[in-house]
Amino acid sequence: MQTMKYLLVIGDGMADNPVPELGGRTPLEAAEIPHMDALAAQSLLGSVRTVPEGMPPGSDTAILSIFGCDPRRYFTGRSPLEAAGSGIALRPGDVSYRCNMVALSDGDGPFAEKTMLSHSAGSIDGEDSMAVVTWLFQDPEFRAAAEALHLRVEPTPSFRHIAIQAGGDTAGMVATPPHDILGQKIGPHALHGSGNADALWQLMALANRRLEHHPYNEARRARGLLPANGIWFWAEGTAVELPNFLETYHKTGSVISAVPLVHGIGALVGLKMVHVEGATGETETNYEGKVRAALDCLAAGDDFVCIHVEAPDEATHNGRLDEKLLSIEYLDRRVLAPLVAGLRGQDFRLLLLSDHKTLMSTRTHDGDPVPFLIYDSTAPRSTGLPYTEAAGERGPAVARGTDLMGMLFRQT
């Protein structure tokens, strides 16, 4: 008897609401996704609420749920999860923040009057992003101000870095995600709620002053690109311990992603982190490398593997409907098709879903239920339905995302 293999494929933010530009269809309804639809037609197809009501919608809360960790109990902030994914160990009393490189409107006017143009500094290259943030934290004026707050940075090869504050106080702090205020003035969304929040806001203002005329940013503007002229602290939190995956589900496994958050959740539950060369989190990424890595992990003895694809979410935040459609289609033909082909002749169960909705209408996350499918190669079904939001609503409604993993492993 063959050993059953288990797969989780997450298309980050690919679920959506009807889009007027698509004639009232959602991107999942408009995209050419024959392999996804073929699986859905033979799967348990339903909808699931991955983000508990009343909690902030995002990949942090949603993917915690998908991995069986109740966010209401285990969510202390996004950044500590990303720190774990970057191999950064938090000490007692440390607070971790996400430190995005962002693009703010140009000029030397008041910081609060600036507009958030991009939460990713125009999808800045990872190596460039590391160089800019390293320069900033070594700049004498900025370094002195950061050291006064006991704050240091841990650069990562993306627009997302990790800032660690020894003895930081987050009580009362309100920090808005930068992707939630695209196109808006930043003043009304200033860090606030405590003296520490005010001090961090002033540090962000200083960063903008030091970066505004940096030669790198002048060169970017000359090339028609957005500058990396700001940093944004958010997703504050302290270290967290998550339930062990092997003890909970009696399965070994690996997580394949370009996003530290997803690797961090995997690492904290005891799964292996797999880094694929050329995996960027953008529309153009190494899809084929992720599939090869997944099949290699299963062949080497893993029971379970997760492939996470960030691109649909980033495309939506950037307001690029064309790229959202393309990234969903890439996931279909460059991930699902070769993945299923590579498993032909083996017994496997596959869970596919969007971790949360990301809406073209707002360019932000939404916590409404998303469609999921569970395909079993040993017991295919005959629903005949495509993989869409509406089709998912015709199936079982799973109220808690934490139940999904047990459903995949047939524990619930």
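1. In this predicted model, helix H13 (residues 311-317) provides the largest share of the lining of the largest cavity, namely 3 residues. The space inside that cavity comes to about 70 Å³, and 13 residues line it, those closest to its centre being Arg 78, Arg 98, Glu 310, Asp 313 and His 317. Sorted by class, the lining of the largest cavity consists of 7 charged, 5 polar and 1 nonpolar residues. The structure holds 1 cavity of 30 Å³ or more.

2. Turning to the open spaces, the largest pocket has a volume of about 550 Å³, and among the 24 residues that line it, Pro 157, Ser 158, Ala 258, Ala 279 and Thr 280 lie nearest its centre. Helix H6 (126-138) and helix H11 (260-268) are the elements that give two or more residues to this lining. The class count for the largest pocket is 11 polar, 8 nonpolar and 5 charged residues.

3. The second largest pocket contains about 300 Å³ of space, and its lining is made of 18 residues, with Pro 56, Asp 60, Phe 75, Pro 177 and Trp 234 the closest to its centre. Two or more residues of that lining come from each of strand E7 (230-237) and strand E13 (364-366), and E7 gives the most, with 3 residues. By class, the lining of the second largest pocket divides into 9 nonpolar, 5 polar and 4 charged residues.

4. Helix H14 (residues 321-342) deserves a separate comment, since its length can be checked against expectation: at 1.5 Å a residue, its 22 residues should span 32 Å, and the end C-alpha atoms are 31 Å apart, which agrees.

5. Is Ala 40 buried or exposed? This residue belongs to helix H2 (residues 34-40), and Ala 40 counts as buried because its relative accessible area is 0%, while the cut-off for that class is under 20%. Leaving aside residues up to four places away in sequence, Ala 40 touches Leu 45, Leu 373, Thr 383, Leu 385, Pro 386 and Tyr 387.

Notes: Residues numbered from 1 in each chain as written. Predicted model: local features only at pLDDT ≥ 70, side-chain atom pairs only at ≥ 80, totals over all residues. Heavy atoms only, no water. Helix = DSSP H or I, 4+ residues; strand = E, 2+ residues; numbered from the N terminus. Buried < 20%, exposed > 50% of the residue type's maximum accessible area, 1.4 Å probe, protein only. Contact = heavy atoms within 4.5 Å. Expected span 1.5 Å × (residues − 1). 1 Å grid on protein atoms, 1.4 Å probe; cavity = no way out; pocket = protein on both sides within 12 Å on 5 of 7 lines; lining within 4 Å. Points joined across faces, edges and corners; volume = space filled by probe spheres on them. Nonpolar A, V, L, I, M, F, W, Y, C, P; charged D, E, K, R; others polar.
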